[in-house]
Amino acid sequence: MNIINRINCSNAVCNIKNITHLKLSVLLSSILLMLAFAFFIYASFNPKDTAASSKKAVYSDSGSGSDSNSGSDSGSNSSYNSGSDGINGGSIKGNCVAGKKALPIYCIQTDEKKISISFDAAWGADDTIKLLDILDKHNVKTTFFMTGGWVSTYPDMVKEIYNRGHDLGNHSENHKEMSKLNASEQKEEITAVDNKIKELTGYDCFLFRPPYGDYNSLLINTVYGCNHYPVQWDVDSLDWKDYGVDSIIKTVTRHKALGNGSIILMHNGAKFTAEALDTVLTSLEEQGYEIVPVSQLIIRENFHMDGTGRQIGD
């Protein structure tokens, strides 16, 4: 009996061990299946941006944040490449990332006393000829950033600006908050204006200013991928607030940020801009500044950005 009992006990122990091993095997298989399923779900809903990932991106950012001058950064990738390929696969070579964000150009590092004046054209054209005449009087060339709607509404003004030797810049097709669009929608907003300006004048745009100064890292990459430079400003005339002529003059000419490489923001459709422009130009010239178009102020390649959006040559 003792022998039989021992045999039965031994069989019971073996059965328990076998059951335990079986349970562990099932559990392990279940865990592996769950991990595989989780990876499949992640890969399906988080595809890599083919335009960026196919290049030799040396920096990427999927965080969020904002800077003191503008835009948001919501879950967008930022990258740069200064090797054989340009930023985000374009032809422009440089580093647009400072810290963890891709930044637009707010101003330029230069020892020369040069600045730029830029006009955003999104509504109205009543004062455009007057602005151009004042600029001619001072022999000054500037940059006009135009929306697609403005180009379509005032094609003769576009041609006049171009014929007088000013930069034609892109200000998006529909003046939307660009940080709220995906990369494909951002590109459509840019290329639509390019095509309209090209058809009217034969001019190839390569400067882009986001409406409201709103941007994220994704937009900056999209802009560079379209072979455009994203351009902001460090001196805001506040002419769009309609504070009056004297306010515009003082705001621009006494601005704390005004200095070598500054980019000044004005609007061709603001109420008091045309009346203030002559005095603004005279004052800036008296301070020793040479006013040039943005295209002549920016560094075209081999550059990097500091945290304030200042473009610096390498």
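Is Asp204 buried, partly exposed or exposed? Asp204 is partly exposed, with a relative accessible area of 49%. The cut-offs are under 20% relative accessible area for buried and over 50% for exposed, with partly exposed in between (1.4 Å probe, protein chains only).

## Basis of the model

This is a predicted model, in which local features need pLDDT of at least 70, side-chain atom pairs count only at pLDDT 80 or more, and totals for chains, interfaces and linings use all residues. Residues are numbered from 1 along each chain as its sequence is written, and side-chain values use heavy atoms, with hydrogens and water left out.

Helices (H or I, at least four residues) and strands (E, at least two) are DSSP runs, numbered from the N terminus.

## Salt bridges

A salt bridge here is a side-chain nitrogen of Lys or Arg within 4 Å of a carboxyl oxygen of Asp or Glu. The count is nine. One of them joins Arg164 to Asp133, with the closest N and O atoms 2.7 Å apart. Arg164 sits in the loop between helix 5 (155-163) and strand 8 (167-170), and Asp133 in helix 3 (residues 128-137), so the pair ties together parts that are 31 residues apart in sequence. Arg164 is buried at 16% relative accessible area. Asp133 is partly exposed at 39%. A network of salt bridges links Asp133, Asp136, Glu160 and Arg164.

Glu173 forms a salt bridge with Lys196, and here too the closest N and O atoms are 2.7 Å apart. This pair links distant parts of the chain, 23 residues apart: Glu173 is in the loop between strand 8 and helix 6 (183-201), Lys196 in helix 6. Glu173 is buried, at 17% relative accessibility. Lys196 is partly exposed, at 24%. Asp204 has Lys198 as a salt-bridge partner, with the closest N and O atoms 3.1 Å apart. Lys198 is partly exposed, at 38% relative accessibility.

## Cysteines

How many disulfides does the model have? The count is zero, where a disulfide is a pair of cysteine sulfur atoms within 2.5 Å. Cys205 is buried, at 9% relative accessibility. Cys226 is buried as well, at 16%.

## Helix 5

Met157, Val158 and Ile161 are buried in helix 5. Seen down the helix axis, the buried residues fall within an arc of 105°, so they line one face. The arc is taken over the directions from the helix axis to the C-beta atoms. The face turned away from the buried side carries the exposed residues Asp156 and Asn163.

What do the buried residues of helix 5 pack against? Their partners are helix 3, strand 7 (143-146), helix 4 (148-153), strand 8 and helix 6. Contact means heavy atoms within 4.5 Å. Just after helix 5, Gly165 takes a positive phi of about 90°.

## Nonpolar core

A nonpolar core is a set of buried Ala, Val, Leu, Ile, Met, Phe, Trp, Tyr and Cys residues joined through side-chain atoms within 4.5 Å. The largest has 74 residues. Within this core, Met146, Tyr224, Tyr229, Ile264 and Leu284 touch the most other members. Helix 9 (residues 273-286) gives the most to the core, with six residues.

Tyr229 touches residues including Ile92, Ile105, Phe206, Phe208, Ile298 and Phe303. Arg300 and Glu301 are also among the contacts of Tyr229. Residues up to four places away in sequence are not counted.

Three strands form an open sheet in the order 5-15-14, with mixed pairing. Its edge strands are strand 5 (107-108) and strand 14 (303-305), each pairing on one side only. Two strands pair if DSSP finds at least two bridges between them. Strand 14 and strand 15 (residues 310-313) run antiparallel and are joined by three bridges. In one of these, His304 has Ile312 of strand 15 as its bridge partner.

## Positive phi outside glycine

Tyr212 is not a glycine, yet has a positive phi of about 65°. Tyr212 lies in the loop between strand 9 (207-208) and helix 7 (217-225). Tyr212 is exposed, with a relative accessible area of 57%.

Leu238 also has a positive phi, near 60°. Leu238 is in the loop between strand 11 (235-236) and helix 8 (245-253). Leu238 is partly exposed, at 25% relative accessibility.
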